[in-house]
Amino acid sequence: MSRKPASALPVISTEDMCPVCKTIRYLNKDMEFLINPECYHSMCSNCVNRLFNDGPNQCPYARCHRTLRRRGFRSAFFGDLSVEREVDIRRRVAAVFNQAEDDFETLRDFNNYLQMVEDLTFDLVSGGDAQRRAAEATLQQWEAEHKADIERNRRAGKEADEQSRRRLAAERDAARQRRVEALREAEEEKLERVRSREAELDSLAQGQTGAGGGAQRVQLKRRGHAAANRAVEAAVNTAAAAADVGRLSIRGLKEKKKAPPPEGPYDPFGGVDFVPSRYKVHEGLTHPAIDKYKGDPGHITGGYSFDEYTTRAMFEAFAGLGVFIEDEKEAGIGLSAGEVATISAGMAAVGDRMEVD
Amino acid sequence: MATEDARYRQTSQFQLWSFSPTQLSSMREKTNAAARTRIAERLSSLPALANNTSAPTSSANTPDPDGTSTPALPAFLSAPEEAQLVTFFTSELLRAGDHAEMTDEIKATAAAFFRRFYVTNSIMTYPPQEMLIVALFFGCKAEGSFVSITDFVKTFGRENPEEILAGEFLLCQGLRFAIDVKHPFRALRGALMELASHPNVDRARLGAAETRAREILRFSPLITDAYFHYTPSQIMMAALSLADRGLAEQLITQTFHHVAAPTDSGADTPAASGTDGPAKEPAPRSDDKAQIIGSVARDKVLGTIEACRDMLGRELPERREHWTNRAVIKAQITPLRKKLNKCRDPERWNLVELQRARREQAAKKSDSEDGDPDDRDDSKANNKNSNNNNASDAAVFGDALPRDPKRRRVLGEGAGQKGKGLDDPFGGPL
């Protein structure tokens, strides 16, 4: 298709000609092109052998001064080498930035992270020189700083892969098992049918008409039995499979989450101290007014403790004895009168709108 | 700081409804001024009514120093006159409570509600005779004694339950939804228990003192501003001191028994009081101890109780007759009520009408915006207000209470100061 009618010679595409030694596929049927991820310049395997057998050498392309090693050469997966390069870069970045969504507090954080990674990748793939260098530096720095994390995530990812692989394998296995089972059963059924038919024929031949129905019944019973057996077996199998799956899927655990700092025991009273400082509740405090209730079944049956009353009465007798409202309100403890007055004025002046409810 | 006082400071009674005398009077002045300007506006916007009322009163108006600028308006009540009327209606409320055979707590709560309501609302704005019934009804509910509204209405010879229910939410708003009132009645029991546990105390004397003190508590603090200015325990001590001065002083001196230096103790306390100090555990820090139960604190408390005693002494239970005395009423109250009848708020006075109007207004607001231009203006104004409406609605509850965070490290505190905190994180029984 890239043939130009004007030229006499067929134009040989780069896929068919090594740009280094100009060999064409016509001459070498099993010519293979290799690239090195250093510079992504392709050349044939003969050239690679020829140039790099004796150790590292410069790239034979003009104006490419990279030193290549033989070990780095491989065949390209994509025809378009820029795609090949992008895939390589992406693979490398993904190996470094391998956090999962579980590692983040919110989805938004995770999305921000993905955006950052994508920006960096884009810089590496198609950024200018400076951008590429900066992105490279970032990548390396990150890699150096988070070595342990990366390693852990990598392992976790691998494990997850392994698990899903195993699960798939197990499912496939089970499916195969089922198929085999079904086949076997069909076989048995058939055999059974043949056998019963023969039995029937035999009984007919011997002239025992009554036995036929019995055989049929036995047959039916046996079939039902087999079906029941199968059902039980299947149930056991699925239970085992479910247990297996449950065991395998314990991977969403966030072991990395830092435990919140201990907050101490919960105090439902918000720091209010209930130890009286001014009085003491003696034993045997009582009052004529409550004495008459002490024998009253209506009060004692329910377990009412008269100490409660005593404590409360004592508390009320002494609570606020040292609260000097005049001093404290002038000093502005609690809500100051100014605020109350503002509120009251507001209520008085625009009563309408507050009371429309 | 004493723990009991810290707990009292958490109450809404302290946070929202305790004022110094100057604060209270300035608030009443403010309420009065706001009511005057508003009622003046309303009255002048009702031409027919304004002419009717102004014609006969204009002559009486002009010499009145309280009358606002225009002679066409009636004379308004001044803040002290309002306060006097509120006091009169409080006594009416107590009488009504007696008539309905309510408990002391209900009557006291209702009286406190009534007085609180008329701190931020003028008596010229809302009808006191209606509001006192509302306060009684709501007081019943607040004290946990739930009467059916039909029975309640029958007790007071009214016909329409609506009259009471219409004012209920209004009252709540005026109370800023602080419906727990701390009373000195149970405190009196506590004090008597404590006194009875002392040796050499005559039971008959205690009984007499309690009866008298309770009688005082039932009337005097309710009809004065004592609930605004003093804490329940101070009111109780003052009442006890009015009933039997010796007992009250004995209790105070034994409570504040901590003797810092021998020079202080010799001043006015019998030496015996210090010795049987009710078995306090040895103080970890005597400075604190001195502050809480030292002689300085005692003198200050005694001073406060003395002031409270003066206030209560002005309205002893014997004054019940004074407030029902026909001659007194005719001389002092009737003129004020006549004045009140002329200067009351034309829009707010009828609570049932008011509630109906408000409901209509609210319904209209939620409806579509078509209507005559006046209405639209109205609703526009409302809308404009409604932006800051949310803010002021919340302000009804006052500012956020300055509570400590709900958690504390019991371990740290308990180990540091009191061993008890460690044993029992919930402290002693209530």
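How many helices and how many strands does chain B have? In this predicted model, in which local features need pLDDT of at least 70, side-chain atom pairs count only at pLDDT 80 or more, and totals for chains, interfaces and linings use all residues, chain B has 24 helices and 0 strands. Residues are numbered from 1 along each chain as its sequence is written, while chains are lettered from A and ligands numbered from 1 in the order in which they are written. Helices (H or I, at least four residues) and strands (E, at least two) are DSSP runs, numbered from the N terminus. Of the 430 residues in chain B, 38% are buried, a residue being buried if 20 or more other C-beta atoms, placed from the backbone, lie within 10 Å of its own.

Helix H5 of chain B covers residues 79-99. Its 21 residues, at 1.5 Å a residue, should span 30 Å, which agrees with the 30 Å between the end C-alpha atoms of H5(B); the expected span is 1.5 Å times one less than the number of residues. Among the buried residues of H5(B) are B:Leu85, B:Val86, B:Phe89, B:Leu93 and B:Leu94, and the buried residues of this helix pack against H3, H6, H7, H11 and H20 of chain B. Just after H5(B), B:Glu101 takes a positive phi of about 55°.

The packing of H5(B) with helix H20 (residues 326-343) of chain B has an angle of about 110°, with the axes 11 Å apart, where axes are lines fitted to C-alpha atoms over the stretch in contact and angles run from 0 to 180 degrees between N-to-C directions. H5(B) is therefore roughly perpendicular to H20(B), a term for angles of 65 to 115 degrees. The contact (C-beta atoms, placed from the backbone, within 7 Å) is made by B:Glu81, B:Gln84, B:Leu85 and B:Phe88 of H5(B) and by B:Ile333, B:Leu336 and B:Leu340 of H20(B).

A further pair is formed by H11(B) and helix H13 (residues 232-243) of chain B, whose axes come within 8 Å and cross at roughly 125°.

Technical notes:
Parallel < 35°, antiparallel > 145°, perpendicular 65-115°, else oblique. Contact = placed C-beta atoms within 7 Å. Buried ≥ 20, exposed ≤ 12 C-beta atoms within 10 Å, placed from the backbone.
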